[in-house]
2 protein chains.
Amino acid sequence: MSPYERKQHDGVVNDVVWHHATVTHQDRVKQKGQTPVVLWFTGLSGSGKSTIANAVESLLLAKGKHSYLLDGDNVRHGLNKDLGFSDADRVENIRRIGEVAKLFVDSGSIVLTAFISPFIVDRQQVRDLLAPGQFLEVFVDTPLDVCEARDPKGLYKKARAGEIAHFTGIDSAYEAPSKPEIHVKTAQASIDECAVQIVAQLEALGYLRGDK
Amino acid sequence: MSPYERKQHDGVVNDVVWHHATVTHQDRVKQKGQTPVVLWFTGLSGSGKSTIANAVESLLLAKGKHSYLLDGDNVRHGLNKDLGFSDADRVENIRRIGEVAKLFVDSGSIVLTAFISPFIVDRQQVRDLLAPGQFLEVFVDTPLDVCEARDPKGLYKKARAGEIAHFTGIDSAYEAPSKPEIHVKTAQASIDECAVQIVAQLEALGYLRGDK
């Protein structure tokens, strides 16, 4: 189902009536041989969201599937560079990411997003933007102590030192998904195992076929 | 060339050092067999931007190419629904469309946009976001009297009646591109002829190959 109603582009030009079919969402699904969906990765900083999402993309590419990853690298410095970290900006940040994910779904892509997105209400807002079945919550479930021991960007250290305020897991809540569609535990499985598990679930649910 | 620098997703998990290749822009180009680019359609209301862009998409799909169209239908009611028509909002509207177009280019797509975008400075702003060769201005050149005679949405009538202020071509300027990469004249060629002309130029410029 296309998330967008598209207008008919019919009319009269040079006294000739023309009717132009637009490329439909179904055309894009057929071309790409997959069922477009948002894989919304959520988890603590350092939980492995981006890394697993990248590994999933590599597996999807090997299967000839078309995907795209939205994360801090390509969103925070571009579309959302005008936003800070106030509550209002946090909500707007997630809203825009959701709307862009929806455009990618409309275009036929499998979209992966990798943002901490700690609040249930924000994730629900994105789910509500999309049609049923077009949003899968992927909970990258890694205990705080494991994330803090990894601390790949040194952010936990800074947060503990009081140099970063409102840091998720330290002095700001992380609201875990209660019923994520996909649940991986990186303290018990390797990155590759988690990625394989996610792709297997996509396959089982029919998303890697165009005729789901 | 990818418009984004991507971080290396290497690190230590479970005492194992892992190195994960991300799917690169070049991988996406190779997969889709095309050189990603923004086709930025500009022209008066009623000039035929959306219709021609739709026809171009149909031709590209028939050639197995992957494209997506950003226009009022899928942007104004979604990502940019918080924006009005003030000068500041107009600039922000085009900025966000440019940033989203850049994401689609990064994903490997040929992106078409169909917005009046009357001001040179706004179009230049988007061009500056992208690497050289990733932005092609497509001037849909239709005389005002022809657009007004077509008036597919009845907007010129309303503007003449004073019901819409700042309407491009009536009481707000349209700054035509001085050196558009592609220039079509709908008063002298049919929609299909214009679309064929655009695709022929893309082909001649190498955009329909992955090894441009």
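Q: Where is A:Lys65 found, and why does A:Lys65 count as buried or exposed?
A: A:Lys65 sits in the loop between helix 2 (49-62) and strand 4 of chain A, where helices (H or I, at least four residues) and strands (E, at least two) are DSSP runs numbered from the N terminus. The relative accessibility of A:Lys65 is 13%, and buried means under 20% relative accessible area, exposed over 50% and partly exposed in between (1.4 Å probe, protein chains only), so A:Lys65 counts as buried.

Q: What kind of model do these values come from, and how are residues and chains labelled?
A: This is a predicted model, in which local features need pLDDT of at least 70 and side-chain atom pairs count only at pLDDT 80 or more, while totals for chains, interfaces and linings use all residues. Residues are numbered from 1 along each chain as its sequence is written, chains are lettered from A and ligands numbered from 1 in the order in which they are written, and side-chain values use heavy atoms, with hydrogens and water left out.

Q: Which residues does A:Lys65 touch, not counting residues up to four places away in sequence?
A: With contact meaning heavy atoms within 4.5 Å, A:Lys65 touches A:Lys32, A:Gly33, A:Gln34, A:Leu60, A:Leu208 and, from chain B, B:Gln31.

Q: Why does A:Asp122 count as buried?
A: A:Asp122 lies in helix 5 (residues 120-129) of chain A. Its relative accessibility is 3%, which is set against the cut-off for buried already given, and therefore A:Asp122 counts as buried. Leaving aside neighbours within four places in sequence, A:Asp122 is in contact with A:Arg90, A:Val91 and A:Ile94.

Q: How much area is buried between chain B and chain A?
A: The value is about 4,700 Å², of which carbon and sulfur atoms give 54%; buried area is the accessible area (1.4 Å probe) that two parts lose on being put together, summed over both. In terms of contacts, 54 residues of chain B meet 54 residues of chain A.
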